[in-house]
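Hello,

Here is the structure I promised to pass on to you. Please open it first, and then read my notes below with the model beside you.

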Amino acid sequence: MFQSQNQFSRGTLVNQRGPAPNPWSVKLHTIIAISAMAIILTGQWNTAGITNQTANKRGLGPALSTQSIIAVHMRSAAHTTRRINNSQGCLKLVNHRSIVRIMQNTPQITDRTALLRNRARADLDSGMFLHHAAIEELQDRLTLVNKRFKNPAIVTGFPDIWRKFMPEARVVADTDTLDLQAGAHDLVVHAMSLHWANDPVGQIIQCRRALMPDGLFLGAAFGGQTLHELRAALGQAEVEVTNGMSPRVAPMAEIRDMGSLLQRAGLALPVADAVTLTATYETPWHVMRDLRTMGETNALTNRLRRSTGRQVLIRAAEVYVQEFMNQGRIPATFELIFLLGWSPDSSQPRPLRPGSANARLADALGASETKLPGA
């Protein structure tokens, strides 16, 4: 998340300069918002390179996390060295007018005007590689669903990117009040926008309301571990230099919190799992530059309206190198959380009532049963 300035950016994500990537296939934590001065970098930027691995398939059974490896492949470009390695890493529904009133009374965390401005400056050709990774993961999940979707909808801040994922889908903006009709869709995808939502629960509730019975909700969002290295370095630097910390963060949730949001929104059979990607760079300045073209610069309502001082940035770069450099490279972690839930329907499996079992567990396991002392 960046602020332009000589405002470098307050970024949440990395940007990939060069040729377009291959089209492959709330405790809230934060996405870092870095505000930086324009910095003139000398010397040549090295050509970027991406390593490629194969994604592990996973089932759709309930789970809080699933080990996963993602394939990220992209031809290098411009002058940034980059490699990507993958590692393991209800509310009662109300009518539409009530939702509008709730949205109007929700604290405005995000400055929508600034957010749209930042997104307009994003490089859609070379800066969307994390979105492409999310698309591949969602495609992987849809192949495991034995159902054809005829009326899909996608909620996103980058319609040109996500329209390619499902050309027949209705694409709507990630505004506080979503432009979705009740019960009109059998699939709703919320794509990489929840971290900018003033009310993430409300966003999922509106998606749930737009689903037909037994309709599927899919979500892709950034998790709380995203850019934790940069957050730590910048926070320490600002405390040392200014004796305080400025508002630099957008709400980000851990996977457990994200899973509970599905239940609060009234979705059945909820599943949440995460994929962690680690990108490596030459210097922290490469990270900052790469973040800008993702369109994720700082759009918080209470953000600083001036750029961060030079001393803070230099000290942050020093801390980043000292604490996190590994084998001559600067790592940047990106956690993608994927959500799945179904609109309730009588055809879905339901848990049995406690005490309704007609067979003993000990018999099924072939084990002997003993009584507890005093029982």
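**What I found**

The protein chain exposes about 17400 Å², and carbon and sulfur atoms supply 51% of that area; accessible areas come from the Shrake-Rupley method with a 1.4 Å probe, and for residues only the protein chains shown count as cover. Please keep in mind that this is a predicted model, in which local features need pLDDT of at least 70 and side-chain atom pairs count only at pLDDT 80 or more, while totals for chains, interfaces and linings use all residues. Residues are numbered from 1 along each chain as its sequence is written, and side-chain values use heavy atoms, with hydrogens and water left out.

**Overall make-up**

The protein chain has 10 helices and 9 strands. These are DSSP runs numbered from the N terminus, with helices being H or I of at least four residues and strands being E of at least two. Of the 375 residues in the protein chain, 53% are buried. Buried means under 20% relative accessible area, exposed means over 50%, and partly exposed is in between (1.4 Å probe, protein chains only).

**The cores**

Which residues have the most contacts inside the largest nonpolar core? They are Trp162, Phe165 and Leu216, in a core of 47 residues. A nonpolar core here is a set of buried Ala, Val, Leu, Ile, Met, Phe, Trp, Tyr and Cys residues joined through side-chain atoms within 4.5 Å. Apart from that core lies another, of 26 residues, with Leu180, Ala210, Phe217 and Leu267 among them. In soluble globular proteins, nonpolar side chains tend to be buried together.

Contact means heavy atoms within 4.5 Å.

Helix α7 (residues 255-264) has buried residues too, namely Ile255, Asp257, Met258, Gly259, Leu261 and Leu262. Their cover includes α5 (200-209), β6 (211-222), β7 (250-253), β8 (268-281) and β9 (330-342). After α7 comes Gly266, with a positive phi near 90°.

**Aromatic pairs**

There are 2 aromatic pairs in the whole structure. Rings of Phe, Tyr and Trp (its six-membered ring) pair if their centres lie within 6.5 Å; planes under 30 degrees apart count as stacked, over 60 as edge-to-face and the rest as tilted. Trp162 and Phe165 form an edge-to-face pair, 5.7 Å centre to centre with 85° between the planes, and both residues are buried. The rings of Tyr320 and Phe324 have centres 5.8 Å apart and planes at 80°, so this pair is edge-to-face. Tyr320 and Phe324 both lie in helix α9, 4 residues apart, about one turn of the helix. Tyr320 is buried at 0% relative accessibility, whereas Phe324 is partly exposed at 22%.

**Charged residues**

How many salt bridges are there? The count comes to 12, where a salt bridge is a side-chain nitrogen of Lys or Arg within 4 Å of a carboxyl oxygen of Asp or Glu. Here are some to look at:

- Arg141 and Glu137 form a salt bridge, with their closest N and O atoms 2.5 Å apart. Both lie in helix α3 (residues 129-142), 4 residues apart. Arg141 is buried at 4% relative accessibility, and Glu137 is buried at 1%.
- Asp214 and Lys147 meet in a salt bridge (3.7 Å, N to O). Asp214 lies in strand β6 and Lys147 in the loop between α3 and β3 (152-156), so the pair ties together parts that are 67 residues apart in sequence.
- Arg315 and Glu318 meet in a salt bridge (3.2 Å, N to O), and both lie in helix α9 (residues 310-324).

**Backbone points**

Asp214 comes up again here, with a positive phi near 65° in a residue other than glycine. Asn243 is not a glycine either, and its phi is positive at about 60°. Asn243 is found in the loop between α6 (228-242) and β7 and is exposed, with a relative accessible area of 70%.

Enjoy exploring!
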